[in-house]
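Please have a look at it first.

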Amino acid sequence: MEFKIYSNVDRIPWEGRREVSVIGVGRNLEERQRFEKSRGRKVSRRRRALLRKRRRICMGIALLLVCGVWLGAKSPDLLQMGGSRVHQFLSSVRGDEYPKELLEVLEKNEEAYDFVTNYPERETYLEKEIDISGICKKGEAPLLLQWDLRWGYDNYGDSMIGIAGCGPTCMTMAYLCLTGDTSMNPRKMADYAAKQGYHTEVGTSWSFFTQGASDLGLSGRELPLSESAMKQALDQGSVIISSMRLGDFTTTGHFILIRGYDEKGFLVNDPNSRKNSEKQWDYETLSGQIKGLWEIGT
């Protein structure tokens, strides 16, 4: 006897249906129905498990967002540095190895990473000759950073140039621009300012940018806070040193050099930040943060 297997009873030839066991066909249909019901239950269970998993993921994400907002409100600097080399260094460093104010510099400014982390080797830089010839020419104000390894560890009064030397560093940039004399550098300028009494307990005295400039063979005069006065001074070939209050440049007090302007705003040399020095700053943004202005010329 020949046997054939059909997956669909409707496909069995009519003349052969009498040879087919009705019980067998019925049994196959019942088994298939049970299989479909079982499969449906399994699919439903999988769907419920998937929904539960999705809910857990959504709750986890929401919790992370809430924690992130809380951390940002409590410690924005910590949130910003999370996972960075700065955070890793500050988490592992021993407090007695570095001055507290030096670590505070790094907390506020990741650009100073090399300066802070090289502090234990500072002796190799203190007596090293400084050569800045070739970095600028007369009429151009080079960007000098107060925490440059070449002079950042040198004393400025009771502190270091890298921490408190924004005033002498700005005056050095002005001097190089106006004279082209690269024998001057922030180390020499800070030494001059301290010996002449322009360093005070609260930082660099404002008289450094008038009388101090005159003693250096330059001219210095206070400017009114006016966009037209600033542009006029820059048009005449002078540069401007500005004392800044709390804002984009500082959380305490700071000096920056304004070296020019274009249609997008003023061009600055911030001795504490390359990032700030790469931007143009409109007058409205700067004016609300300026405490004092001095035109430095020849």
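Buried means under 20% relative accessible area, exposed over 50%, and partly exposed in between, using a 1.4 Å probe and protein chains only. Helices are DSSP runs of H or I with at least four residues, strands are runs of E with at least two, and both are numbered from the N terminus. This is a predicted model, in which local features need pLDDT of at least 70 and side-chain atom pairs count only at pLDDT 80 or more, while totals for chains, interfaces and linings use all residues. Residues are numbered from 1 along each chain as its sequence is written, and side-chain values use heavy atoms, leaving out hydrogens and water.

In helix α11, residues 227-235, the buried residues include Ala229, Met230, Ala233 and Leu234. Seen down the axis of α11, the buried residues fall within an arc of 130° (taken from the directions from the helix axis to the C-beta atoms), so they line one face of the helix. On the other side of α11, Ser228 and Asp235 are exposed. After α11 comes glycine 237, with a positive phi near 95°.

Let me turn to the rings. Rings of Phe, Tyr and Trp (its six-membered ring) pair if their centres lie within 6.5 Å, and planes under 30 degrees apart count as stacked, over 60 as edge-to-face and the rest as tilted. The whole structure holds 16 aromatic pairs. In one of them, tyrosine 98 and tyrosine 119 have ring centres 5.9 Å apart and planes at 40°, so the pair is tilted. Tyrosine 98 is buried, at 9% relative accessible area, and tyrosine 119 is buried at 11%.
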